[in-house]
Structure formats: C-alpha cells, structure tokens
Amino acid sequence: MTTSAISARRSRVMPRLSYDERSAYLFVAPLAAVLFIVAVFPIVYSFYISLYNLKLTRPRSVPFVGLANYETVLTSPTFWASVERTAVFTVIAVVATSVIALLVALLLNEDFPGRRVLSALLLIPWAIPYVANALMWKWIYDSNFGALNGLLFQLGFIDNYMVWLGDAKKTLALIAQAFVWKEVPLAAILLLVGLKTIPADLYAAAKVDGANVIQRFFHVTLPGLQSSFALVFIYEAMMAIRHFDLFFILTEGGPGNASDVVAWRIYVETFRNLSFGTGAAMSYILALATLALAYAVIRAMAQRI
Amino acid sequence: MTSFKPLSRRRFLQGSAAGLAAATSLGRASRASADAPVYFETWSAAVDTVKSHIAAFEAETKLKVMYANTPWAQYREALITKFVGNAPIDTLWVSDSWLPEWAEAGWIKPVDQYKELMKYNGDVEQFCIDSMTYKGKQYGITYYTDFMGFIVNGAMLEKAGIKNPPTSWAEVREQAKLIKSKGLSEYPILVGMAQETWVIEFMSALVFSHGGRFTDAAGDAVMQDPKGGAVEALTMLVDCVHKDKTLSPSCVETGELAGLKSFLSGQHAFGLIPKYRLRTLNDPKQSQIAGHANLVLMPKGEHGSHATVGWMRFYGMTPRAQASAEHAADTVKLMEWFGGKADGEYKFQKLLFKDVGAGFGVKSLFNDPEMREAYKAYGDVEMIKQQQALARKKDVVTPWFGEWQDVNGAAWQQALLGKLTPEAALKKSADKWTELKKQA
C-alpha cells in the first residue's frame with residue numbers, strides 16, 4: 001500500500017480537522033485535562049479501589065477482592081440500619097424544607113414594605129458555612145449550657161434543663177431542624193422563581209370563575225410550581241442523603257447509634273478504620289442510590305408535566 | 001510584541017527529561033543521606049516551645065532539623081497518609097493508642113538498641129514504659145504523660161456539710177445524692193461519655209478502679225464477665241443516671257472539653273477529668289471554682305482499688321531514620337534532646353510543664369524544687385505523684401482498637417440510654433473484640 005493510499009484511508013477514518021476546530025480543541029484541552037485529573041480520574045480510581053481490600057494500616061497486603069466489598073456492605077445489618085436512619089432524616093428534612101420554603105416564597109411574592117430587607121435577612125442562614133452552622137447549633141442544643149435550654153428555662157416552659165441531642169428519640173429530628181434552617185433560603189428562592197413564572201392571567205381567570213384564595217392556591221399555584229418543586233425535592237434530597245457536617249460536629253453518630261447515617265458510616269469506615277476498599281464501595285452504593293432516586297423523580301415529574 | 005515559538009520535538013524531549021530527573025531526585029528525598037537533616041513531625045501543640053528547643057539543638061549539634069506539625073484532630077490520618085506516601089519522617093510524636101497499628105505496619109521501629117534512649121527507663125514510671133512497649137520491644141522515649149483524675153469541688157462539698165471526700169464509688173453515690181437533695185447541684189457527678197477519643201480513658205479509669213479489665217493477659221475479652229469490674233462500672237453509671245439521677249442523661253453527648261466547661265462553671269461536685277486540667281480548674285481567670293478543685297485518689301469499686309488509667313505520648317523512630325547508622329545517631333540525638341536530658345536536665349519536659357501544664361512520666365521531676373513550686377499553685381504534688389504511681393496503661397490498644405471502639409462506645413451509650421442492659425452492652429462489645437481479634 002502506498003503512502004498516499006494510507007493517508008487517504010486515514011483521512012476517511014479521521015477526517016482532517018479545520019483550523020477553527022483544532023483551535024477549539026486546543027483551548028478546551030487544558031480545562032478538559034483539569035477536569036480529568038480532578039473529577040474523572042478520582043471517580044474511576046475510587047471504583048478501582050472498591051475492588052480491593054485496601055486498608056491503609058495493612059499497606060503490605062492489598063488483595064483484589066472483586067465485588068466482595070459491595071457484598072460485605074450490602075449484607076451488613078449496620079449498613080441497613082444506617083440506610084433506615086438516612087431515609088428518616090431525608091424525609092423529615094425534605095418535607096420540612098419544602099413546606100417552610102413554600103410559605104417563605106409565598107410571603108416574598110407579595111408586595112409589602114420591607115420585603116427587600118426581609119429577603120436579604122432570610123438569606124443569612126444560606127450564607128453561613130456548613131461547619132459554622134453546625135457549631136452554632138451545637139452550642140444551642142447543649143444540655144448543660146445551651147441557648148435553647150436557657151431560653152426555655154427563662155420563659156418558664158421548663159423547670160429543669162432538658163437533654164436534647166443526648167436523647168436518642170430527638171436526635172435525628174434536631175439535626176434535621178438544623179439542616180432545614182440552613183437549606184430553607186435556597187429552596188425558597190427556587191420556589192419564588194417558580195411563582196414569578198406563573199402567568200397573572202391564570203389567577204385573573206380563576207378569580208373570574210369565582211375561585212377563592214385557597215382554591216387558587218391548590219388549582220393554580222401548586223400545579224404551576226411542579227417543576228420548581230421537582231428541583232427543590234431532588235436537590236434537597238441529595239443534600240440530605242449525603243449530609244455529613246452536622247452529624248460529624250453535633251453527634252458523631254451517637255448517642256448509641258441514633259444518628260449513624262450512611263454518610264457518617266462512610267467517614268468512619270474510610271477515615272477512622274482506614275478501610276478504603278469498603279469505604280469506596282459504600283460511597284458508590286450511596287452515589288448510585290442518589291442517582292436512581294433523582295432519575296425516578298425526574299421521570300415521574302416528566303410524565304406528569 | 002513577543003513571538004510564539006513552536007515547541008520542537010527536541011525541546012519537548014529535553015524538557016521531559018529535566019522533569020523526570022527532578023521527579024527522581026524528589027523521590028530520593030525520602031532516603032536520608034549522610035548529612036541529611038532530621039525530619040521531625042509533631043501535632044500542633046506547644047509549637048513555639050518546640051521550635052525554640054529545636055533552635056537550641058541545632059546550635060548545639062550543628063545538625064539541621066526539618067520540623068512540621070499537623071493539628072491533633074487530623075494527626076493520625078495525616079501521618080498514615082504520609083507513611084503510605086513514603087514522606088520523609090525520622091522521628092515523631094506517637095500516641096500509645098496507635099503503637100500496635102503503626103508497629104505492625106512497620107512505620108515505626110523499636111529503639112531498644114539505642115542505649116542513649118534506654119538509659120532513661122530507670123527514671124520513668126512503669127506504665128509509661130509499658131505504654132511504649134509492644135510485643136516485648138520498646139518503641140520510643142517519653143514525650144509527656146498524664147492520667148485520669150477524680151476531681152472534687154471542695155466548695156460544694158463544704159456547703160453540703162461533707163467533711164471528707166469520697167474514697168469509694170459507693171461513697172460517691174451517697175454524697176452525690178446528699179448534694180442533690182440539698183439542691184446544690186442537679187447532677188453532682190460529671191462523666192463525659194460522648195463518642196470521642198477521650199471516652200476510652202473515662203471508661204478505663206472506671207473499669208480499673210472497679211478492679212476490672214477489658215482484656216486479659218492473653219488479649220482476650222473479659223469485659224463481659226459479670227463478676228468483672230467492667231460490668232460493675234457500667235452498672236454503676238447506669239444507676240447514677242436512671243436510679244439516683246445524679247449523673248445527667250446528657251453525659252452521652254458530653255465530651256471532655258464540654259465536661260470541663262461544665263465543671264468550671266461550678267455545676268458539679270465530682271468529675272472524671274484529665275489531671276492536667278487542674279491548672280485550668282484552679283485558674284481564677286477561667287474557673288468559677290478556682291482554688292476549690294482538688295484531686296483526690298480515684299474512688300474504688302467494691303472489688304477494686306484506687307487505680308486509674310494513664311496515657312502516654314512518646315517520640316517514635318521510623319525505618320527511614322534507622323536506614324544508616326549515622327542518620328540513626330543524629331535522630332537519636334534529637335530524640336534524647338527532647339525526651340531525655342538536654343544540657344544535663346530534662347529541659348523540654350520542664351518547659352512543657354511550665355508552658356501548658358503537660359504532665360511528665362519522669363519520676364525524679366517530682367522532686368525538682370522548681371516543678372514542685374509550679375505544681376503547688378494549683379495542685380497537691382504528693383497526691384498527684386501518688387495517683388500517677390497507680391496509673392495503668394490501657395489494655396485495649398491493638399491494631400483493631402479503632403474499629404472495636406466504634407462498637408464499644410455505642411454499646412456503653414446504649415446502656416446509658418436504657419436501650420441495653422450493662423451485661424448485654426458489654427457482651428456486644430466483647431463479641432466485636434473477639435471477631436476483630438480473629439480477623440487480625
């Protein structure tokens with residue numbers, strides 16, 4: 001085969017790029033390389049790790065175990081107990097965030113003096129870093145010198161200081177409350193944007209048809225907010241399922257195992273037990289579960305819209 | 001205007017070769033050469049004191065020290081990552097809790113062969129030597145040590161009309177009930193049982209003073225033995241929470257620091273508190289009970305003694321340091337300068353004590369007039385010496401300690417929450433221990 005024939009065949013398989021196309025690839029290449037290093041490689045490498053019994057404290061023995069780490073995790077009662085707690089936390093957090101954010105969005109959608117100031121104030125929790133938020137709530141909930149006990153005691157609601165985070169029955173709900181406080185502003189903004197997109201004509205038509213405020217809310221506002229709610233639901237559910245900071249700072253999985261959720265279990269397995277293999281397997285299971293949930297919600301919403 | 005020069009194949013190859021050479025030389029940095037500096041890693045405590053002592057060492061020996069520190073909270077994980085990444089480290093601070101894990105992994109090496117370090121053993125508390133020993137080999141020289149103390153709020157006892165502090169746990173319970181009945185404190189007893197690094201020290205002090213052990217001499221679990229001190233200790237705690245109501249149910253969320261703050265505010269009569277906190281407790285600028293916080297002997301259980309738990313931080317030595325005799329000698333010099341004598345005295349231990357109140361495992365320092373004078377400001381030096389002599393090393397320090405403690409801590413908390421009986425909680429803990437021991 002002659003050189004020209006080879007060249008002709010190559011150009012059929014890989015058509016020559018134009019100058020503009022080559023320039024475009026050149027400009028995109030650095031960013032693509034960075035993305036590959038900081039995102040693609042770690043994702044692929046963590047899956048690779050999940051196939052090995054990699055325990056940092058046993059550096060000389062790292063056997064390939066295939067999917068055994070996944071099997072270990074999925075057959076562990078401790079893991080399923082943490083899945084149950086994660087589900088409870090997520091349901092409390094997402095429902096409470098959605099309801100409160102809707103009320104806030106409805107309020108901010110009205111015209112009243114001081115609306116802009118109130119909007120700015122409502123954003124404060126969102127602007128506070130997660131760790132600072134967690135430390136703040138740790139002081140509030142402290143049973144010995146916490147602000148919550150101090151307030152309730154001074155108002156005469158309690159005779160003795162109450163146990164908050166130390167009471168296993170209250171722990172998840174209290175952590176969810178701290179989570180909701182931080183998440184409501186963003187959810188409210190997303191819903192407010194949705195409210196602004198509902199045509200005023202619909203409300204006018206409903207009024208003409210004799211619909212009262214409540215009927216307009218259920219038959220115009222809520223259907224108009226479906227896509228915004230889908231976004232809030234998916235985002236907040238993902239945040240709640242993966243949430244770690246509050247559990248780390250407020251309770252470290254305790255008391256007992258009361259707040260031992262999946263994200264906390266992954267931390268313990270990976271960074272305390274230094275079992276990177278099972279930790280990575282657990283992370284993949286959590287990521288796939290979150291992805292499946294988001295996909296199911298999007299599908300369900302797409303069919304309804 | 002600058003002109004763009006295309007990269008020729010030759011220049012690319014030259015550049016690559018230079019990069020490769022640089023990377024190779026960096027890789028070699030983890031192996032020490034003859035006149036290489038000594039790499040020293042610590043957690044971020046008394047950093048200025050450490051630096052000034054290093055400067056004095058460098059001036060004295062003409063050796064170079066490369067010093068780095070990491071916050072305590074991330075120290076273990078950070079150091080393990082460095083070990084795995086083959087980072088240059090010659091000597092470092094090590095906690096007794098990590099000794100088996102690090103020794104088994106080969107990250108630290110025994111130091112028995114260095115007479116310059118071993119000669120200090122005769123002047124060091126036995127539990128300190130035990131805490132630095134694993135499988136018959138000693139892995140370091142003392143950095144600092146301390147023990148879990150039983151501290152009483154003298155002012156509150158006086159108000160309650162109690163003349164003598166308790167000597168047994170039964171007396172603690174009785175006096176606590178009396179103090180509560182007089183309305184002096186809602187929860188007179190303070191024990192922090194939050195799941196944090198300190199909790200094993202609190203548990204061990206309780207178990208040892210009840211005459212119990214978590215494990216026997218063979219390393220098998222005995223914590224579940226109904227006649228053993230562990231069950232007795234946990235039962236007592238549970239009774240204090242649920243029957244006497246003298247220990248707050250919130251103890252499961254009270255960590256060491258939160259407990260200290262609570263004790264500082266004068267809310268409690270009795271507390272399990274690390275001895276070195278005495279300085280803070282008797283500091284009028286920080287404490288509402290300053291001058292009234294007294295260390296007394298750890299109360300004893302029905303079948304127990306005044307024993308408590310002691311812990312140890314020491315200077316460990318890595319395989320890198322021992323790779324050549326010359327570099328090992330340099331490293332040993334630095335370790336001795338810090339953990340042993342410098343210019344004829346335990347200079348760094350004295351500096352640490354005066355600077356941050358860190359305890360020492362060197363017995364002769366209790367007789368040092370300067371140290372006795374410093375101690376007098378906030379504690380009874382003879383009582384401290386007496387209690388320290390009764391301290392024991394933790395008996396659960398193994399390569400699987402962290403994994404076991406995850407379950408053990410939760411089990412104790414479940415008992416305190418009333419979800420498990422003390423017997424069931426300790427059986428759960430013992431089962432986990434046995435499972436992990438088999439896997440090891």
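Chain B splits into domain 1 (35-145 + 311-376) and domain 2 (147-310 + 389-439), with bounds that come from an automatic or database domain assignment. This is a predicted model, where local features need pLDDT of at least 70, side-chain atom pairs count only at pLDDT 80 or more, and totals for chains, interfaces and linings use all residues. Residues are numbered from 1 along each chain as its sequence is written, while chains are lettered from A and ligands numbered from 1 in the order in which they are written.

The C-alpha centres of the two domains of chain B sit 30 Å apart. Where they meet, 15 residues of domain 1 of chain B are in contact with 14 residues of domain 2 of chain B (contact: C-beta atoms, placed from the backbone, within 7 Å). On the domain 1 side, H4, helix H6 (126-131) and strand E10 (308-317) of chain B each give two or more residues; H4(B) has the largest share, four residues. Helices (H or I, at least four residues) and strands (E, at least two) are DSSP runs, numbered from the N terminus.

Now for the contact between the chains: chain B puts in 28 residues and chain A 25 residues. Helix H3 (72-84), helix H4 (99-105), helix H11 (256-264) and helix H17 (401-416) of chain B each supply at least two residues of the chain B side, and H17(B) gives the most, six residues.

The largest nonpolar core has 178 residues, and Ile175(A), Leu234(B), Leu237(B) and Leu416(B) have the most contacts inside it. Such a core is a set of buried Ala, Val, Leu, Ile, Met, Phe, Trp, Tyr and Cys residues joined through C-beta atoms within 7 Å; buried takes 20 or more other C-beta atoms within 10 Å of a residue's own, exposed 12 or fewer, partly exposed in between, again with C-beta atoms placed from the backbone. Leaving aside neighbours within four places in sequence, Leu237(B) is in contact with Val191(B), Leu206(B), Leu247(B) and Leu416(B).

Key:
Two residues are in contact if their C-beta atoms, placed from the backbone, lie within 7 Å.
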